Amino acid sequence: MQNRRQFLITASTAASYSLLSRTVSAQAKNRTRIILLGTKGGPTLTTRTSRTNPATLIVVNDVPYLIDCGYGVSRQLISAGIALNRLRYIFITHHHSDHNLEYGPLLYNAWVTSQPIKIDVYGPTGLAKMTHDFFEYQKFDIDTRIADEGVSDPRKLVTVHEFEAAGTTMENADVKITSCRVRHPPITQSYAYRFDAKDRSIVISGDTAYAPELAEFAKGADVLVHEVMYLPAIEKLIKEHAASTRLREHLLASHTSTEDVGRIAAQAGVKTLVLTHFVPGDDPSITDEQWSEGVRKNFRGRIIVGKDLMEI
Ligand SMILES: [Zn+2]
Ligand SMILES: [Zn+2]
């Protein structure tokens, strides 16, 4: 009898554990995820750090939403466990090449999986021409494969949605995505994106100088993923290269120092700040502490110094 009661207790405990673990895994599966694919600012390639060029992934209800396509993004998606035939939505923040150099090749790489799904792409003016021009660049190969291998036409799989003003970018049952114009001279069409999913709100700054309107846009978000520049390293760089005063001017006018990133996060009142798009991103001597100390002067929340393939 005791054995039987023991058995029943054990069985019912096991059943509730199993139910619990199923619920937990269902929640984990549907939880909105952020995966940093590339965290180095600028178009240069480096082996001095493990950072690759800019790209960020948000996964909502198991559907990937890719923000920016820096060089190496296809490989980074695969490394993050996202098969390229799952690619569904792409968002471009602005048309500096560290954010779009692999845009066309990524469309191509998704197409040659032979099971690509429809891809919707959103971004500022110039995106439609860039898409068309990439398919022209690969026209010989694409036309050959269509005729020779009977594959689908990739030009019909991609829908481009260009915009030249901030607003609602797209909305579906899982997520609402809005944009905010940020400050990235001389580029005027540079945008931040906000993802409001059921369980999480996430803001991606794109490239920007200190922009109080971005803090307003990010109000109440759970996570702010913000670009960052470490001024002491910039000064060092300038001293080593006397001819780079114009580079210094460009960097200071169009990116955000660690102190100012902290200011924006504090004004926005976000819980978690994730640093990405590190400038310089190829200097291994800059420690995580150095990246965060300036931020911490102005922001009391959680600071995460981003790394490639880190999930938040
Ligand atoms: Zn950039
Ligand atoms: Zn830029």
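Guide: Let's start at R86, which is partly exposed because its relative accessible area is 27% (buried is under 20%, exposed over 50% and partly exposed in between, using a 1.4 Å probe on protein chains only).

Visitor: Before we go on, what kind of model is this?

Guide: It's a predicted model: local features need pLDDT of at least 70 and side-chain atom pairs 80 or more, while totals for chains, interfaces and linings use all residues. Residues are numbered from 1 along each chain, with chains lettered from A and ligands numbered from 1 as written, and side-chain values use heavy atoms, without hydrogens or water.

Visitor: Okay, back to R86. What does it form a salt bridge with?

Guide: With D62; the closest N and O atoms of the two are 3.9 Å apart (a salt bridge is a Lys or Arg side-chain nitrogen within 4 Å of an Asp or Glu carboxyl oxygen). This pair links distant parts of the chain, 24 residues apart: D62 lies in the loop between β2 (55-60) and β3 (63-67), and R86 in the loop between α2 (73-79) and β4 (helices are DSSP runs of H or I, at least four residues, and strands runs of E, at least two, numbered from the N terminus). D62 has 31% relative accessibility, so D62 is partly exposed as well.

Visitor: Which residues are linked in a network of salt bridges?

Guide: K139, D143, D153 and R155 are.

Visitor: New topic: the metal. What holds the zinc ion called ligand 2?

Guide: H94 (NE2), H96 (ND1), H184 (NE2) and D207 (OD) coordinate the zinc ion (ligand 2), at 2.1 to 2.3 Å (donors are N, O and S atoms within 2.8 Å of the metal, 3.2 Å for Na, K and Ca; water is not among the atoms, so sites may look incomplete). Along the chain, the donors are spaced H-x1-H-x87-H-x22-D.

Visitor: How far away is the zinc ion called ligand 1?

Guide: The two zinc ions, ligand 1 and ligand 2, are 3.4 Å apart, and D207 coordinates both.

Visitor: Are H94 and H184 buried or exposed?

Guide: H94 is buried because its relative accessibility is 0%, and H184 is buried because its value is 1%.

Visitor: How do β9 and β10 pair?

Guide: β9 and β10 (residues 201-204) pair in the antiparallel sense over four bridges. Look for Y193, whose bridge partner in β10 is I204.

Note on methods. Pairing = 2+ DSSP bridges.
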